[in-house]
Amino acid sequence: MRFDILTLFPEMFAGVFEASIIGRARERGHAEIVLHNIRDYAAGKHRVTDDTPFGGGGGMIMKPDPIFNAVEQILGLEIPFEGYGSLAPVGVEKPPIILLTPQGRVFSQAMARELALQPRLMLLCGRYEGIDERVRQYLVTDEISIGDYVLSGGEIPTMVLVDTLIRLIPGVLGDEAATSKDSHSNGLLEYPHYTRPADYRGHPIPEILLSGHHAKLEIWRRQESLARTLARRPDLLAKADLSQADHAFLEN
Ligand code: SAM
């Protein structure tokens, strides 16, 4: 999967994209991440990428031209008057262009699973007060928020999105089944985990974990998962896929 990231601060990504799972996924060819500095696509000696807002008000707005230029040059196409969305996909590589914005649909594991099916994504990081609205109208195909709060730029939200997607690419994690058991993958929070020692400072692990009884262990895990979701995120249960046994357990 390829990610093209458009940002004014490519240097912010260095550590996060080099270490651990993302670093390994890149080394092994599961993921390709290309950082594009929007400033490189700005015209003039000073390569200005922002300007004051029409109508006044504080803050600066990212200009549309460097962003349109960047997309056109990276993809080798011309964006028609009607906008990027009107381009026929036939014969043109037309990856989704996602704007990270607090005004977008709120990111979730279900959205991550859908996006991870794409061979290529372009991710646009806003800064300052945001971007000129015409970028949103005529270039962007999707708007994603990482939550109902405001960060100073789209770089950290982009890291969140890329990290979430990369671990879903087949072959990236050692244990392929791990992501299907993760919290939010099946509508529930995951059950608790323990490792050695079995007794830590007088706090023993649940006995079932030492029993070697796999069927009972699976039931225990499912019930822990249900109990935890009920206690912490009861809102999730309404949408979860629950069996009769799950309902009976929850009612108890
Ligand atoms: N004035 C904008 C508003 O109220 O919608 C917020 C601008 S914010 C200071 C600057 C940039 O940070 C945004 O353009 C966006 O790219 C990014 N950003 C901030 N919060 C975000 C969030 N919750 N999710 C995704 N991106 C976010």
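## The second largest pocket

The lining of the second largest pocket divides into 4 nonpolar, 5 polar and 4 charged residues. Ala, Val, Leu, Ile, Met, Phe, Trp, Tyr, Cys and Pro count as nonpolar, Asp, Glu, Lys and Arg as charged, and the others, Gly among them, as polar. Its volume is about 390 Å³. α4 (109-115) gives the most to this lining, with 3 residues. Helices (H or I, at least four residues) and strands (E, at least two) are DSSP runs, numbered from the N terminus.

A pocket is an open set of points on a 1 Å grid over the protein atoms alone, where a 1.4 Å probe fits, with protein on both sides within 12 Å along at least five of seven lines; lining residues have an atom within 4 Å of a point. A volume is the space filled by probe spheres set on the points, which are joined across faces, edges and corners.

## About the model

This is a predicted model: local features need pLDDT of at least 70, side-chain atom pairs count only at pLDDT 80 or more, and totals for chains, interfaces and linings use all residues. Residues are numbered from 1 along each chain as its sequence is written, and side-chain values use heavy atoms, without hydrogens and water.

## The largest pocket and its ligand

The ligand sits in the largest pocket, with more than half of its atoms within 2 Å of the grid points. About 460 Å³ of space lies there. β5 gives the most to the lining, with 5 residues. β5 also gives the most to the shell around the ligand, with 4 residues.
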